[in-house]
Amino acid sequence: MSRQKHVILSIDGGGVRGLIPLRVLESVAARMAHRGQDMVPHACFDLICGTSTGGLIAAGLAAPKPGGARDEPAATIQELRQFYETDAREIFSHSFSHRIGRALSNPFGLFDETYDARPFEKLLKSKFGWTSMASGLTHLVLTAYDIERRKAVFMSNTRQREGHRSDDYYLWQAVRATTAAPSFFEPAKVENLTKAREEALIDGGVFMSDPALAAYIEARKLGWAAEDIILISLGTGLSSETPFSYRDAKGWGALGWMQPSNGVPILSIFADGQAQTAAYQAECLFTDLGETRYIRLNGTLPEGAEAMDNARPGNVTTLNGVADRIIKDNTLLLDEIAELLIGQTTSTAA
């Protein structure tokens, strides 16, 4: 039996808030298991697209595990959840030597990144090895921005309009690039394997926190008909309950708008505004056209839970609570998604 639909998974950026879409996926997987079918993400989704933390999740589910069995992904949903609930605390912390170095070179901390990227890079190398995006187990798209060439970059293993393959990158470097949030981590220096050059890339969230429309465009470039596409978009929480007051903002100045101690307001507003806009535009676009099915799942963050780098146990509990509410409020829809993915997996196997 030929496959009837092309199912796309799109995951927003949001740092440790990536725990929220992971919990949603975990809930779908549990529903599938209850029906006698294991979830294998790279078999369920024809394309997985992510920005920033969503890119980390997308790559973990779509990349082959170095030295693993055939078609074994670099990470399971459960392993990724453990990363956000436990390992992220090490990533979003300062080593003693890093704190001393920062204090000596930059006493006021105004012109340096918040976190040392080396522990994160070590983790990425251990998970992805030196495999490239071309080896992905399904179609994969990660967003980034080239600060030297001043252009948006869509790192993928899909075809371009002219029919040639996209530029290839090492997977660990691609993930490092899509998660290189300004002020949190230094820009990523990555190797473009196709063009044999280095590129300086930063987090795709600076222009596309919700990559759903980018995922749709990539699908159309692959030749998939609009009516054959099902687009499942998972958010990392809306920040409507965390205001920035006028009294504070008017005194921030250029540095204040980028200060981590203020929550990096400019990045937060860019990301939240783009995610809200993209979701609204996608809903309007796909509803009006009546061809592609678009499913968006997101929730509202309580005050204090917005920070991308707050990996403390209390905030992890809060984020799990946000995910619990999304799951509870969308029980029937999640059942439907599980049935849909079982049908897709079954038709592929047949």
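Let's start at Trp-257, which is partly exposed, with a relative accessible area of 29% (buried means under 20% relative accessible area, exposed over 50%, and partly exposed in between, using a 1.4 Å probe and protein chains only). Keep in mind that this is a predicted model, where local features need pLDDT of at least 70, side-chain atom pairs count only at pLDDT 80 or more, and totals for chains, interfaces and linings use all residues. Residues are numbered from 1 along each chain as its sequence is written, and side-chain values use heavy atoms, with hydrogens and water left out.

You will find Trp-257 in the loop between α10 (253-256) and α11 (265-289); helices here are DSSP runs of H or I with at least four residues, numbered from the N terminus. Leaving aside residues up to four places away in sequence, Trp-257 touches Ala-249, Trp-252, Val-264, Pro-265, Ile-266 and Ile-269, where contact means heavy atoms within 4.5 Å. Its C-alpha atom is separated by 9.8 Å from that of Ser-268, 11 residues apart along the chain.

Now turn to a helix pair. The axes of α3 (residues 53-62) and α4 (residues 77-91) come within 10 Å and cross at roughly 145°; axes are lines fitted to C-alpha atoms over the stretch in contact, with angles from 0 to 180 degrees between N-to-C directions. Thr-53, Leu-56, Ile-57 and Leu-61 of α3 meet Ile-77, Leu-80, Phe-83 and Tyr-84 of α4.

Finally, the cysteines. The structure holds 0 disulfides, a disulfide being a pair of cysteine sulfur atoms within 2.5 Å. Cys-44 is buried at 0% relative accessible area, whereas Cys-284 is partly exposed at 28%.

Definitions and conventions:
Helix = DSSP H or I, 4+ residues; strand = E, 2+ residues; numbered from the N terminus.
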